[in-house]
Amino acid sequence: MKIFVFTSFIVCLVTIIYPIEIFADTALDVYMNDFYSKSNEATRILKEIEDTLKEGSRKKVCSRQREAARLGILANKSLIKAFEIEGAIPPMQAIKASQQRWESILNEC
């Protein structure tokens, strides 16, 4: 009985002194998740526009195209921020090419 009480006391003491770390999202995770979600949403919108145009309808194409472009631009900003947090050099040539593509989509409509 004494061993059980002593063991329970030690377990409680260790639990209080060394609490289990909560695995929360880091800033890098937040920006990467933001990048992926916005990028995927923009791509999904462009696919829907493509399907709509194949059906012969031009209903709300420009407004949806602008929305996709804005999401794409915001996704690029999140990606740059994630690289900065990580302390790595972002692939600026690829990011600039993507940025120009999204800006052309935004401005063409």
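The score pLDDT is the predictor's confidence in each residue, from 0 to 100. This is a predicted model, in which local features need pLDDT of at least 70, side-chain atom pairs count only at pLDDT 80 or more, and totals for chains, interfaces and linings use all residues. Residues are numbered from 1 along each chain as its sequence is written, and side-chain values use heavy atoms, with hydrogens and water left out.

**Exercise 1.** Find where confidence in the protein chain is lowest and where it is highest.

*Solution.* Then turn to the helices (DSSP runs of H or I, at least four residues, numbered from the N terminus). Confidence is lowest in helix H1 (residues 2-17), with a mean of 59, and highest in helix H3 (residues 61-86), with 93. Where pLDDT is low, the predicted coordinates should not be read in detail.

**Exercise 2.** Describe the elements of the protein chain in order from the N terminus.

*Solution.* Count first: the protein chain has four helices and zero strands. Written from the N terminus on, the order is therefore α-α-α-α.

**Exercise 3.** Work out how helix H2 (residues 27-54) is oriented against H3.

*Solution.* Take the axes, which are lines fitted to C-alpha atoms over the stretch in contact (heavy atoms within 4.5 Å), with angles from 0 to 180 degrees between N-to-C directions. H2 and H3 pack at an angle of about 160°, and their axes lie 8 Å apart. H2 is therefore roughly antiparallel to H3 (angles over 145 degrees count as such).

Notes: Helix = DSSP H or I, 4+ residues; strand = E, 2+ residues; numbered from the N terminus. Parallel < 35°, antiparallel > 145°, perpendicular 65-115°, else oblique.
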